[in-house]
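Dear colleague,

Here is the structure I said I would pass on. My notes follow below it.

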Amino acid sequence: MEITDVKIRKINQEGKMKAIVSVTFDSAFVVHDIKVIEAAGKLFVAMPSRKTAEGEYKDVAHPINADARENIQERVIAEYREELKRVVV
């Protein structure tokens, strides 16, 4: 499955959540509300989730294996950094 588009929908300068992103796969399937989070000085991607009745958060969409997760994370963070350059300049 190929990532065919990444849209940075919102950027936050303050706080841990740095951006909200939509990722399109194979020009046919999109996942909204992927978050770029900064923790311990490192960026990572959090998949869209919802709160259960027990108060836990469960992903509603997520990669099945580590390679897919790494591919998504690398591409989203790269696009986020490029967007930051456009916004800050």
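Where is the place of Asp 33? Asp 33 is in strand 3, strands being DSSP runs of E of at least two residues and helices runs of H or I of at least four, both numbered from the N terminus.

This is a predicted model, in which local features need pLDDT of at least 70, side-chain atom pairs count only at pLDDT 80 or more, and totals for chains, interfaces and linings use all residues. Residues are numbered from 1 along each chain as its sequence is written, and side-chain values use heavy atoms, with hydrogens and water left out.

Buried residues (under 20% relative accessible area; exposed is over 50%, partly exposed in between; 1.4 Å probe, protein chains only) make up 29% of the 89 residues.

Asp 33 is not a glycine, yet has a positive phi of about 65°; at 36% relative accessibility, Asp 33 is partly exposed. Ser 27, also not a glycine, has a positive phi of about 50°. Ser 27 sits in the loop between strand 2 (17–25) and strand 3 (29–39) and is exposed, with a relative accessible area of 63%.

Thr 24 belongs to strand 2 and is buried at 17% relative accessibility. Leaving out residues up to four places away in sequence, Thr 24 touches Glu 2, Ile 3, Thr 4, Asp 5, Phe 29 and Val 30, a contact being heavy atoms within 4.5 Å.

Regards
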